[in-house]
Amino acid sequence: MKYKLLGKSGLRVSEICLGTMTFGEDWGWGAGKDESRRIFDAFLEAGGNFIDTANGYTNGSSEKMLGEFIQKERERIVLATKYTQALNFGVDPNAGGNQRKNMVQSVEASLKRLNTDYIDLLWMHIWDKLTPIEEVMHSFETLVRAGKVLYIGVSDAPAWWTARANTLAELRGWTQFIGLQIEYSLLERTPERELLPMAKELGLTVTAWSPLAGGVLTGKYLNQSEENKDSRFSSEMMQGYMDDPERGNRIAREIKAVAEETGKSAAQIALAWLRYQENQIIPIIGTRKIAQLEDNLASLEIELGTEHLTRLDEASRIELGFPHDFYESEMVKNFVYAGLADRIERK
């Protein structure tokens, strides 16, 4: 296991992050406590130190399990959790959201469940479209100054909002985001339009959730019979992965073909592809069985050649749209670079 610096910080994290949304069976799926413990121990044994959870994962069971698991290893673990998600519904309008009240209450509750007195990395989980940027960033700064949070990150927010938030924090002398957590995989490449360029410019390390697209990229749904097709993504959480089944199957087939040619698993190929992207990307792997974890970790040993990378890129390519495609037109390049685009060196 190698280690990367997280964003513009000196924090060293493993090149794979262990996601723990699968710790607990409260949502009708996931791993029980004993299997979760084996997964946790195996990850640390492999050299992993970066662990990701959230206040609402499996109704709080994920944090509670981690609170027990980390006690003997707390100092070596970079523990990340999130706030925003509501645990109670229909009663308190402040039970969810980005506002200071929910941030403080969520952090206090997470500290109790995690049985620790500080959080290494606190993510804003989901943009609520309501709370002023100043309130969010100043609230983060208050928690950092209190020693309850060491670093901060942002998850599932627009590029413009994140850029404005970090710029404000820089100007005010407040703590800035060092990480960006987004969905990114061979199936979901739309972050290449705005989010990834923004992360590169601001020096944010990207952590990719669902790097296997809910299992679609492992190819396990390719040969499912017609009568079972409707049940493969029965939960609301999973239905979004196959908005375009034809495209998803095309990508999965190409991954499977590369896997067969290299003697590796499809999951390993899909995870390895992330290492070759321009941004520094750390995949978040979440498993229900230790065998899946071991298979995923083996992706770190895979080297993909130019031919295989090209085939995977072509099978999963998206249209970047305006203004990106506009910039690439010959007419625009001639206007901008005075007809000398191919003779101007770029940094």
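**Figure 1. Pairing of Phe50 with Val78 in strand β5.** In β5, Val78 is the bridge partner of Phe50. Strand β4 (residues 50-52) runs parallel to β5, and three bridges join them; two strands pair if DSSP finds at least two bridges between them. Helices (H or I, at least four residues) and strands (E, at least two) are DSSP runs, numbered from the N terminus. The model is predicted: local features need pLDDT of at least 70 and side-chain atom pairs count only at pLDDT 80 or more, whereas totals for chains, interfaces and linings use all residues. Residues are numbered from 1 along each chain as its sequence is written, and side-chain values use heavy atoms, with hydrogens and water left out.

**Figure 2. Burial of strand β5.** Strand β5 spans residues 78-83 and is mostly covered, with six of its six residues buried. Buried means under 20% relative accessible area, exposed over 50%, and partly exposed in between (1.4 Å probe, protein chains only). One way from β5 point Val78, Ala80 and Lys82; the other way point Leu79, Thr81 and Tyr83. All of these residues are buried.

Figure 3. Helix α3 covers residues 100-114 and holds Ser106. The relative accessible area of Ser106 is 7%, so this residue is buried. With neighbours within four places in sequence left aside, Ser106 is in contact with Asn55 and Tyr83; contact means heavy atoms within 4.5 Å. Tyr83 is also one of the buried residues of β5.

**Figure 4. Tyr3 in strand β1.** Tyr3 belongs to strand β1 (residues 3-5). This residue is partly exposed, because its relative accessible area is 45%. Residues up to four places away in sequence are not counted here; beyond them, Tyr3 touches Val13, Ser14, Gly47 and Asn49. Tyr3 and Asn49 lie 46 residues apart in sequence, and their C-alpha atoms are 9.0 Å apart in space.

**Figure 5. Strands β7 and β8.** Strand β7 (residues 149-155) and β8 run parallel and are joined by four bridges. Ser155 stands opposite Gln181 in β8. Strand β8 (residues 177-183) is largely enclosed by the rest of the structure, because six of its seven residues are buried.

Figure 6. Most residues other than glycine have a negative phi. Asn59, which is not a glycine, has a positive phi near 60 degrees. Asn59 sits in the loop between β4 and α2 (61-69) and counts as partly exposed, at 46% relative accessibility. Ser210 is likewise not a glycine, and its phi is positive at about 50 degrees. The loop between β9 (205-209) and α7 (236-239) contains Ser210. At 15% relative accessibility, Ser210 counts as buried.

Figure 7. Most peptide bonds are trans. The bond from Phe322 to Pro323 is cis, and its omega is near 5 degrees. Pro323 is located in the loop between α11 (306-316) and α12 (324-328).

**Figure 8. Ile344 after helix α13.** Ile344 is in the segment after α13 (330-337). Its relative accessible area is 43%, so Ile344 is partly exposed. Ile344 and Gly215 are 129 residues apart along the chain, and 44 Å separates their C-alpha atoms.

**Figure 9. The whole chain, as context for the close-up views.** The protein chain has 13 helices and ten strands. Its C-alpha atoms fill a box of roughly 60 × 50 × 40 Å, taken along the principal axes. The radius of gyration is 21 Å, which agrees with the value near 20 Å that a compact globule of 347 residues would have; the radius is taken over C-alpha atoms, and the globule rule is 2.2 Å times the number of residues to the power 0.38. Of the 347 residues, 50% count as buried. Among contacts between residues at least 6 apart in sequence, 77% join residues at least 24 apart. The accessible surface comes to about 17,300 Å², and 49% of this belongs to carbon and sulfur atoms; accessible areas come from the Shrake-Rupley method with a 1.4 Å probe, and for residues only the protein chains shown count as cover.
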